[in-house]
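Hi there,

Here is the structure I promised to pass on. My notes follow below it.

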Amino acid sequence: MRIVQFFRRMNLGVVLPMVFLILLGLCFVQSTTGAGPSSHYVVKQLSWSAIGLVLFLFFARVRYRNFLTWAWVFYAGTLVLLIAVLFFGKEVAGNKNWLMI
């Protein structure tokens with residue numbers, strides 16, 4: 001019952017464009033690879049879309065005030081990663097934008 005209430009409270013102005021963009025992305029990947037529907041790239045795109053959808057549903061359940069208490073941690077982590085790119089970044093195509101994982 002709680003799941004039904006959760007989906008009824010969803011903002012369709014956010015959900016429908018997201019689903020549309022996922023489907024559009026799958027169509028683009030499928031059309032550019034020229035392979036069948038079980039192409040490696042289509043499956044990869046679909047799996048990342050599913051992970052993104054699950055994360056969206058998880059974060060849609062969290063109240064935004066909970067993020068406010070942790071905002072400084074996210075901000076500090078982002079700054080650390082940006083500074084790490086300056087010192088440890090890998091140069092790709094003339095740009096030093098990537099960290100090797």
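Which residues form a nonpolar patch on the surface? They are Leu81, Ile83, Leu86, Phe87, Phe88 and Leu99, with about 680 Å² of accessible area together. A patch here is made of residues with over 30% relative accessible area and no salt bridge, where nonpolar side chains (Val, Leu, Ile, Met, Phe, Trp, Tyr) are joined within 5 Å and like charges within 9 Å. Areas come from the Shrake-Rupley method with a 1.4 Å probe, and for residues only the protein chains shown count as cover. A salt bridge is a side-chain nitrogen of Lys or Arg within 4 Å of a carboxyl oxygen of Asp or Glu.

Before going on, please note that this is a predicted model: local features need pLDDT of at least 70, side-chain atom pairs count only at pLDDT 80 or more, and totals for chains, interfaces and linings use all residues. Residues are numbered from 1 along each chain as its sequence is written, and side-chain values use heavy atoms, with hydrogens and water left out.

As for the fold, the protein has 4 helices and 2 strands, in the order α-α-α-α-β-β along the sequence. Helices (H or I, at least four residues) and strands (E, at least two) are DSSP runs, numbered from the N terminus. The radius of gyration, taken over C-alpha atoms, is 19 Å, while a compact globule of 101 residues would have one near 13 Å; that rule is 2.2 Å times the number of residues to the power 0.38. The C-alpha trace spans about 50 × 45 × 20 Å along its principal axes.

Of the 101 residues, 13% count as buried, meaning under 20% relative accessible area, with exposed over 50% and partly exposed in between. Val42, in helix H3, is buried because its relative accessible area is 11%. Its C-alpha lies 6.4 Å from that of Leu26, 16 residues away in sequence. Phe88, from the nonpolar patch, sits in helix H4 (residues 64-88) and counts as exposed because its relative accessibility is 64%.

There is also a surface patch of positive charge, where Arg2, Arg9, Arg61 and Arg63 gather. Lys and Arg count as positive and Asp and Glu as negative, with His and the chain ends not counted; the place of a charge is NZ of Lys, CZ of Arg, CG of Asp or CD of Glu. Arg61 belongs to helix H3 (residues 40-61).

Best wishes

Technical notes:
Buried < 20%, exposed > 50% of the residue type's maximum accessible area, 1.4 Å probe, protein only.
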